[in-house]
Amino acid sequence: MAMAAPSIRTVASVFGLLLLVFALSSTIIYLVSSSSPAAVSPSSILLNLRPFAARCPPAPPLRVFMYDLPSRFHVAMMSTNSPAPAPSNGSGAEGSPPPFPTWPPSAGGIRRQHSVEYWMMASLQLQGGGGGAREAVRVRDPEAAEAFFVPFFSSLSFNVHGRNMTDPDTEDDRLLQVELMDILWKSKYWQRSAGRDHVIPMHHPNAFRFLRDMVNASVLIVSDFGRYTKELASLRKDVVAPYVHVVDSFLNDDPSDPFEARPTLLFFRGRTVRKDEGKIRAKLSKILKDKDGVRFEDSLATGDGIKTSTEGMRSSKFCLHPAGDTPSSCRLFDAIVSHCIPVIISSRIELPFEDEIDYSEFSLFFSVEEALRPDYLLNQLRQMPKEKWVEMWSKLKNVSSHYEFQYPPRKGDAVNMIWRQVKHKIPAVNLAIHRNRRLKIPDWW
């Protein structure tokens, strides 16, 4: 039997696809033939392909339903003078939210560093569809939601309610977690997915410490995986978010010669006595302190200390980032917004947005063994050509906007990047939910 002739629409579609492939191939061939091999990178190719991507309509924002929790679970903790609201009836139903408060300037230091939960909640207060600038929008109908946001400020709760486990105030933190889980367990939306499509900020390493195992299927927003078991958290389902930087962003960093404008070779300011992997700090202090071109200072993150760190980072070519009590710390993101090339020493660090950002383009990485080898680290820094340093510095400036937390959020800032990471997790979340509904023996293989 003779085959039917292709329609005009089919022919046109194939022809258009061939033209697009030809255009993309020509762009890549031109880049390779007109540049040195070192200059052709995936980033440069993607940059030149942006005009083609611009022709495609932007992906719609993630539709997020936010639980209407009593304020004691979130904003009431921002001010210790705020009266405690009346107990919740546990329904979790939506209501008309009060005006959203600004983050208090007095809540600095470690409270600000881990305030990702606040900025995510704030981003969902905006009205309207948001257009192409927003990666997530709030929906009032849970049936229309792709993800469910749980606005419990677990990091702030840890810092407010007795950080030491022997402190009686820690009971307040535990009771909040118990009440929250009671609300979630009664929600049919938690029940139908076992919490898999629920997004729970847990940025401080000790946040949600009492009942973590009860949310191990949810999408967790974490700073790293230093204090999580593999059964609780992983890159497969969770999102690594940056710390909220505590130094001011370097907005007018446009010297005629940026290399010479930063006379200090290597800068570190912070606590040198730490636990676990952070013990390397004391060892690095013995190796690096008083070396030519190095500022290595032991300090706390007080107001004056932050000012000194700001000045030090802005006047340094490289900023040292050894592990602390956990693999990550706020110092890395302070360095990024100060345009000071990070020197990262950690064997277990995970970095935010790494499926979109190549940190090796603007950061240096050393193993613990390399960093503790006498003079090795400093020799590597001193041997870097000026042109290479300027190239890395320029790329660092270009990505620094991705680490800014602000309200209202702006396109490509930290909050939108986090929500985009959540959106990337949704297909795997849906796969797990759908399989679980029909499998008689979960994970049978």
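Analyst: Helices and strands in what follows are DSSP runs numbered from the N terminus, with at least four residues of H or I for a helix and at least two of E for a strand. The model we are looking at is a predicted one.

User: Thanks! Where is D375 placed?
Analyst: D375 has a phi near 70°, a positive value in a residue other than glycine. At 39% relative accessibility, D375 counts as partly exposed. As for its place, D375 sits in the loop between α12 (368-371) and α13.

User: How many helices and strands does the protein chain have?
Analyst: Of the 445 residues in the protein chain, 49% are buried. Among contacts between residues at least 6 apart in sequence, 69% join residues at least 24 apart. The secondary structure comes to 15 helices and 11 strands.

User: Which cysteines form a disulfide?
Analyst: The cut-off for sulfur atoms is 2.5 Å, and the count comes to one disulfide. Its sulfur atoms are 2.2 Å apart, and the cysteines that form it are C319 and C340.

User: How many residues apart in sequence are the parts that this pair ties together?
Analyst: The link of C319 and C340 is right-handed, with 105° about the S-S bond. C319 belongs to strand β9 (residues 316-322), while C340 is in the loop between α11 (331-337) and β10 (341-345), so the parts tied together are apart in sequence by 21 residues.

User: Within what arc do the buried residues of α9 fall?
Analyst: Helix α9 spans residues 280-288, and its buried residues are I280, R281, L284, S285 and L288. Residues three or four places apart point the same way in an α-helix, because there are 3.6 residues a turn. Seen down the axis of α9, the buried residues line one face of the helix, since they fall within an arc of 145°.

User: What follows α9?
Analyst: Most residues other than glycine have a negative phi. The residue after α9 has a positive phi, near 70°, and that residue is D290.

User: Which helix supplies the largest share of the lining of the largest cavity?
Analyst: Two cavities of 30 Å³ or more turn up in the whole structure, and the largest holds about 40 Å³ of space. Its lining consists of I287, L288, A371, R373, D375, Y376, L377 and L378. Both α9 and α13 (376-382) supply at least two lining residues. The largest share, three residues, comes from α13.

User: How far apart are the C-alpha atoms of I287 and D375?
Analyst: I287 lies in helix α9 and counts as partly exposed at 22% relative accessibility. Beyond residues up to four places away in sequence, I287 touches A371 and L372. I287 and D375 are 88 residues apart along the chain, yet their C-alpha atoms are separated by 7.9 Å.

User: What is the relative accessible area of F353?
Analyst: F353 is placed in the loop between β10 and β11 (364-366). Its phi is positive, near 60°, in a residue other than glycine. F353 is buried, with a relative accessible area of 1%.

User: Which residues does a cis peptide bond join?
Analyst: Most peptide bonds are trans. Here we can look to the loop between α14 (386-399) and α15, where P408 lies. Omega is about 0° for the cis peptide bond that joins Y407 and P408.

Terms used: Residues numbered from 1 in each chain as written. Predicted model: local features only at pLDDT ≥ 70, side-chain atom pairs only at ≥ 80, totals over all residues. Heavy atoms only, no water. Buried < 20%, exposed > 50% of the residue type's maximum accessible area, 1.4 Å probe, protein only. Arc of directions from axis to C-beta. 1 Å grid on protein atoms, 1.4 Å probe; cavity = no way out; pocket = protein on both sides within 12 Å on 5 of 7 lines; lining within 4 Å. Points joined across faces, edges and corners; volume = space filled by probe spheres on them. Contact = heavy atoms within 4.5 Å.
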